[in-house]
Amino acid sequence: MTDWPGLTKEIERLLRLQTYPIAYKRLDDIKELEKIPNVRRLDRTATFCQLPTLVRRGGWTIGVSRNNLIERCARINGLAATTGEEIEREVANFATSWFATKAEARKQMVEYPLIPPGEAVVLAPLASGKFSPDVVLIYGNPAQMMLLMNALQFKDYERFNFSFIGEGACADGLAQCYTTGKPALAIPCFGERRFGGVTDDEMVIALPPGIVKKAVEGLQALWVRGLRYP
């Protein structure tokens, strides 16, 4: 069984994080939320980017279902399948905001990854160890993200790539990691900064849970060699 409290403590110590690492899990059955201790259910509709802030700054455990998230957030983050009507609404909306035309907006929709839909999603501080996460989210500044990725490359080196679909950092980070099983670094989008309170100097990385221990071991090894943050 993974020692999430211990691994989290080391990540926070070695990177001097300002907010808690987050555990994300998609649930097939909404009744599974009842098994998670002290889970808070939203009583309103929100954007997904508000949820990580409640977890990483407030220490909350948050459970949401389809009715709690707006259409696009629900489709990207594992709570709804994509329908033709929703596609047309999103295309029309983005053609009057982020893209020049409907054709340009439609190109983005073809590109971004989607987490397969379940009945519920839960997020909690990783250190709580309340459930086995599907993805781990860590927010930090560019120097912290750089060192964390260096730690993952310390052994079994591979070149990391990142994507930028435009508006929709949860697709570039969380959904990309969930669907590929690879680390995914993302630049927080307008929505995350406006609704989620992400600061201008923050980035987010999504990690498969199976490599978190490797990241800690890499950080520890770099620390011994004098490669530290700050």
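**Exercises on a predicted model**

P230 lies in the segment after helix 9 (helices are DSSP runs of H or I with at least four residues, strands runs of E with at least two, numbered from the N terminus). The model is predicted, so local features need pLDDT of at least 70 and side-chain atom pairs 80 or more, while totals for chains, interfaces and linings use all residues. Residues are numbered from 1 along each chain as its sequence is written, and side-chain values use heavy atoms, without hydrogens and water.

**Exercise 1.** Determine the state of the peptide bond from Y229 to P230, and describe phi at N38.

*Solution.* Step one: the bond from Y229 to P230 is cis, its omega being near 0°. Step two: N38, although not a glycine, has a positive phi of about 55°. Step three: N38 is placed in the loop between strand 1 and strand 2 (40-41). For reference, most residues other than glycine have a negative phi, and most peptide bonds are trans.

**Exercise 2.** Describe the packing of helix 1 and helix 9.

*Solution.* Step one: helix 1 (residues 4-15) and helix 9 (residues 212-224) pack at about 40°, with axes 10 Å apart (axes are lines fitted to C-alpha atoms over the stretch in contact; angles run from 0 to 180 degrees between N-to-C directions). Step two: contact, meaning heavy atoms within 4.5 Å, involves residues including W4 and L7 of helix 1 and V216 and W223 of helix 9. Step three: the contact residues divide into nine nonpolar, one polar and three charged (Ala, Val, Leu, Ile, Met, Phe, Trp, Tyr, Cys and Pro count as nonpolar, Asp, Glu, Lys and Arg as charged, the others, Gly among them, as polar).

**Exercise 3.** Characterise the aromatic pair of Y24 and Y178.

*Solution.* Step one: the whole structure holds three aromatic pairs (ring centres of Phe, Tyr and Trp, its six-membered ring, within 6.5 Å; planes under 30 degrees apart are stacked, over 60 edge-to-face, the rest tilted). Step two: Y24 and Y178 pair edge-to-face, at 6.5 Å centre to centre and 90° between the planes. Step three: because Y24 lies in strand 1 (residues 22-27) and Y178 in helix 7, the pair ties together parts 154 residues apart in sequence.
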